[in-house]
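Please look over the structure shown here before reading on.

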Amino acid sequence: MACVLETPLRMSVLSEVTASSRHYVDRLFDPDPQKVLQGVIDMKNAVIGNNKQKANLIVLGAVPRLLYLLQQETSSTELRTECAVVLGSLAMGTENNVKSLLDCHIIPALLQGLLSPELKFIEACLRCLRTIFTSPVTPEELLYTDATVIPHLMALLSRSRYTQEYICQIFSHCCKGPDHQTILFNHGAVQNIAHLLSSTSYKVRMQALKCFSVLAFENPQVSMTLVNVLVDGELLPQIFVKMLQRDKPIEMQLTSAKCLTYMCRAGAIQTDDNCVVLKTLPSLVRMCSKERLLEERVEGAETLAYLIETDVELQRIASITDHLIAMLSDYFKYPSSVSAITDIKRLDHDLKHAHELRQAAFKLYASLGANDEDIRKKPILESGAIELLCSLTQSENLALRVNGIWALMNMAFQAELKIKADILQGLSTEQLFQLLSDSDVNVLMKTLGLLRNLLSTRPHIDQIMSTHGKQIMQAVTLILEGEHNIEVKEQTLCILTNIADGTTAKELIMTNDDILQKIKYYMSHSNAKLQLAAMFCISNLIWNEEEGSQERQDKLRDIGIVDILHKLSQSSDSNLCDKAKTALQQYLA
């Protein structure tokens, strides 16, 4: 059998292939079956924990021969089993090892081996399949290519605790999306796996639990079925709740919390059910504490964010449970000292999870404040979130800058004046200008969105412009004069429109000839979006029911605004035409 290698052979690789490695492969071709068997056993002992030896054997062509011996009916069961064990050991090496095994068509050979009547051989094939399918380089679709595979795996579940553990692990890793969920569900996955939750083997119970978490995710059909499944006289949700108890391993607590969360989000369990409010939610909050491992804190926060995302009462309960908000602020303080970490592997691990921690915290912050303004303003703000988010906008990490300013933008939406003032004070004028000159357009757009949210509600507009008007007008000028895309310019003109809606703030526009000329310029721009945005600003300035409107109308007429309005009233664009006519009526009233 030919085997296509992922990369061409290099001299450096060949030079590392030792005589002993060749000897192991040569013994696979011995005419004496007993010597072949002993050769495979010796190879198994040689490759355990030795990635270099694994790579050497793959380069020398051991895999095709092992697969040949595994598939020969004349091979003894012991030989076939040992071949599967060695192949599984090779798969535990690097991702390139797995790619080489896949190129040699190992999966069809192993699946064929599952038809054997010999349990030990079946278990060895399943163990190898488990290792290959849990690799990120293996396409999960390979499990579903042959329609007879899934029902056969279901039938093998009853053979031993090892078949149960390996098959459940294969299912949980290869169930990606509704199509796979449907296939497994239709072949009786729920009924065949449910009783495994009462197994005496922890590994079996754990893998069965993981199966249910992937089957139930965003799947109402599976979730509704799970609610009514009985195992030893107990309903599945009750079993999941028992697995949430503090004396259970953290892995089990987290996975059972996921199962209940997914069933709740799919509508199978009510959000006010005690198993959600009194068990699942508190367990997930507990996973966010700094006593937990980094991976557990990430998983706990992300699952909690998903649980409460659409339910305001769950958001309220979460916000007052076990100082959750204070816990989340710690997510941004890790690692506390990179220089103190000397182990490179640990440093890579910690930096990776530091990023994941922050992302998880942002998701949970977003869910906590998704529906309830009081929560967003009070359990979040009291934790010092504004100060924290303002500091994130100064990060060299782009993702943190974007998320920091985005969160501030959301916090400012329909907020009370004190919150807006705290945000402006926390950012400082210098940092605001820094963000408005950021090279990333996402940062710039979110900063403009923040300004727009700050400058809403007339009393707020007047108050903020009275203290920060000069700096904000400078910022607006900076953007309108810069080389920016249409969306950025449109957002900036919308900020001017908000300023023009203020009672006293509009005078900052009327006394700034440079800004007035820019508004005039954009009224005649080739882009209709910018024209319309400029028109909204003019409409607010000339509205005749407000004090000083006559003087403003006169000044705007003197600089040619009325002439432009007449031209726009003839525009083929209905929005521009209507808006221009409405503005002209203000002059006639």
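## The largest pocket

The largest pocket in this predicted model has a volume of about 450 Å³. It is lined by 21 residues, and among these the ones closest to the centre of the pocket are K210, S213, V214, K258 and E299. When the lining is sorted by class, seven of its residues are nonpolar, eight are polar and six are charged.

Several helices share in building this lining, for two or more residues come from each of helix 11 (161-174), helix 12 (178-186), helix 14 (202-216), helix 17 (250-265) and helix 19 (294-308). Helix 17 gives the most, with six residues in the lining of the largest pocket.

## The largest cavity

The count of cavities of 30 Å³ or more comes to one, and the largest cavity has a volume of about 50 Å³. The residues that line the largest cavity are L424, S428, T429, L432, H468, Q471 and I472. By class, three residues of this lining are nonpolar and four are polar, while no charged residues take part.

Helix 26 (417-436) and helix 28 (458-481) each supply at least two residues of the lining of the largest cavity, and helix 26 gives the most, with four residues.

## Helix 24 and helix 25

Two packed helices are described by the angle between their axes and the distance between the axes. The axes of helix 24 (residues 385-392) and helix 25 (residues 398-412) come within 7 Å and cross at roughly 140°, and the two helices are therefore oblique to each other. The crossing in which helix 24 passes helix 25 is left-handed.

On the side of helix 24, the residues in contact are A385, I386, L389, C390 and L392, and these meet L400, R401, G404, A407, L408 and M411 in helix 25. The residues of this contact divide into nine nonpolar, one polar and one charged.

## Helix 5 and helix 8

Helix 5 (residues 62-71) packs against helix 8 (residues 106-113) at an angle of about 20°, and their axes are 10 Å apart. That angle makes helix 5 roughly parallel to helix 8, and helix 5 passes helix 8 in a left-handed crossing.

In this contact, L67, L70 and Q71 in helix 5 meet I106, A109 and L110 in helix 8. Five of the contact residues are nonpolar and one is polar, with no charged residues.

Note on methods:
Residues numbered from 1 in each chain as written. Predicted model: local features only at pLDDT ≥ 70, side-chain atom pairs only at ≥ 80, totals over all residues. Heavy atoms only, no water. 1 Å grid on protein atoms, 1.4 Å probe; cavity = no way out; pocket = protein on both sides within 12 Å on 5 of 7 lines; lining within 4 Å. Points joined across faces, edges and corners; volume = space filled by probe spheres on them. Nonpolar A, V, L, I, M, F, W, Y, C, P; charged D, E, K, R; others polar. Axes fitted to C-alpha atoms, helices over the stretch in contact; angles between N-to-C directions. Parallel < 35°, antiparallel > 145°, perpendicular 65-115°, else oblique. Left-handed = near helix turned anticlockwise from the far one by under 90°. Contact = heavy atoms within 4.5 Å.
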